Amino acid sequence: MSAWFGKVFAWCVLVMTLGVGYEVFVRYALNAPTPWAFDLSYMMYGTMFMMAGAYTLSRDGHVRGDFVYRLWKPATQAKVELILYLLFFFPGVLALVISGWKYAGRSWRYFEVSSMSPANVPIFQFKSVIIAAGILLVFQGVAQVFRCVLTIRTGAWPLPEEDVEELETRLQKAGRSVLAHGSEAIDIVTPKERRP
């Protein structure tokens, strides 16, 4: 579920790019700026950022200060993570959902519009993203708790599903052979004394 929502809301970047690109064109080429482009960009970026939280958690992609953590055995890591999920993650995310509910509810009651632009773009629906993102994080947090329990039992972390890979990682796996292939490749010449 987290993966599906993450992939769906990743398309916000395309909407944001098209909106900003259009704004740049009409502002500088036609000298006719739009009153809504700023609102579109921050709503799309905010939505994408919020809705990607559960997806990133499901892929173990959040940043952690692991200078000590990485030295522990997986079972110890899982025990610490389990405690941290129960003490900090769930209370924090539940506070986000409860506060977001009040914040979005107030906005829906008077159909709030943006005060940042003269276009009066409605933003009450945008504030509902806070609740949706929090609920997704709660569901993914439950999955992470089960992942911790499984690791405590087996002594090894189950690998997160991989669907996106950084180009740097792919290049490191391919090694130098990737440079020797393709029409745009750079030929690597090995000195004569090192040739087999």
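How many helices and how many strands are there in the chain? In this predicted model, the chain contains 7 helices and 0 strands, and the order of elements from the N terminus is accordingly written α-α-α-α-α-α-α. Of the 196 residues, 30% count as buried. Among contacts with a separation of 6 or more, 69% are made by residues 24 or more positions apart. The accessible surface of the chain amounts to about 13,700 Å², and carbon and sulfur atoms contribute 67% of this area.

The largest nonpolar core comprises 15 residues, of which Tyr85, Phe89 and Leu137 touch the most other members. Two or more residues are given to this core by each of α4 (53-58), α5 (74-109) and α6 (124-154). When neighbours within four places in sequence are set aside, the contacts of Phe89 are Leu57, Leu84, Leu137 and Gly141. Helix α4 also holds serine 58, a buried residue with a relative accessible area of 13%. A polar atom of the serine 58 side chain is placed 2.6 Å from the backbone oxygen of tyrosine 55.

On the surface, a nonpolar patch is formed by Trp11, Val13, Leu14 and Leu18, which together have about 430 Å² of accessible area. Because its relative accessible area is 39%, leucine 14 is classed as partly exposed. Valine 20 is likewise found in helix α2; its relative accessible area is 37%, so valine 20 is partly exposed. Valine 20 and phenylalanine 38 are 18 residues apart in sequence, and their C-alpha atoms are 8.0 Å apart in space.

The structure holds 2 salt bridges. Side chains of opposite charge can pair when their charged atoms come close. Arginine 27 is partly exposed, because its relative accessibility is 36%, whereas glutamate 23 is buried, with a relative accessible area of 7%.

In another salt bridge, the side chains of lysine 127 and glutamate 112 meet at 2.7 Å, N to O. Lysine 127 is located in helix α6 and glutamate 112 in the loop between α5 and α6, so this pair ties together parts that are 15 residues apart in sequence. Lysine 127 and glutamate 112 are both buried.

Backbone geometry was considered next. Most residues other than glycine have a negative phi. Against this background, asparagine 31 has a positive phi, near 55 degrees. Asparagine 31 is situated in the loop between α2 and α3 (37-51). Its relative accessible area is 66%, and asparagine 31 is therefore exposed, the cut-off being over 50%. A positive phi, about 45 degrees, is also found for phenylalanine 111, which is not a glycine. Phenylalanine 111 lies in the loop between α5 and α6, and its relative accessible area of 51% places phenylalanine 111 among exposed residues.

Key. Residues are numbered from 1 along each chain as its sequence is written. This is a predicted model: local features need pLDDT of at least 70, side-chain atom pairs count only at pLDDT 80 or more; totals for chains, interfaces and linings use all residues. Side-chain values use heavy atoms; hydrogens and water are left out. A nonpolar core is a set of buried Ala, Val, Leu, Ile, Met, Phe, Trp, Tyr and Cys residues joined through side-chain atoms within 4.5 Å. Buried means under 20% relative accessible area, exposed over 50%, partly exposed in between (1.4 Å probe, protein chains only). Helices (H or I, at least four residues) and strands (E, at least two) are DSSP runs, numbered from the N terminus. Contact means heavy atoms within 4.5 Å. Patches are made of residues with over 30% relative accessible area and no salt bridge: like charges are joined within 9 Å, nonpolar side chains (Val, Leu, Ile, Met, Phe, Trp, Tyr) within 5 Å. Accessible areas come from the Shrake-Rupley method with a 1.4 Å probe; for residues, only the protein chains shown count as cover. A salt bridge is a side-chain nitrogen of Lys or Arg within 4 Å of a carboxyl oxygen of Asp or Glu. A polar contact is a pair of N or O atoms within 3.5 Å; within protein, one must be able to donate a hydrogen and the other to accept it, and residues adjacent in sequence count only if both atoms are side-chain atoms.
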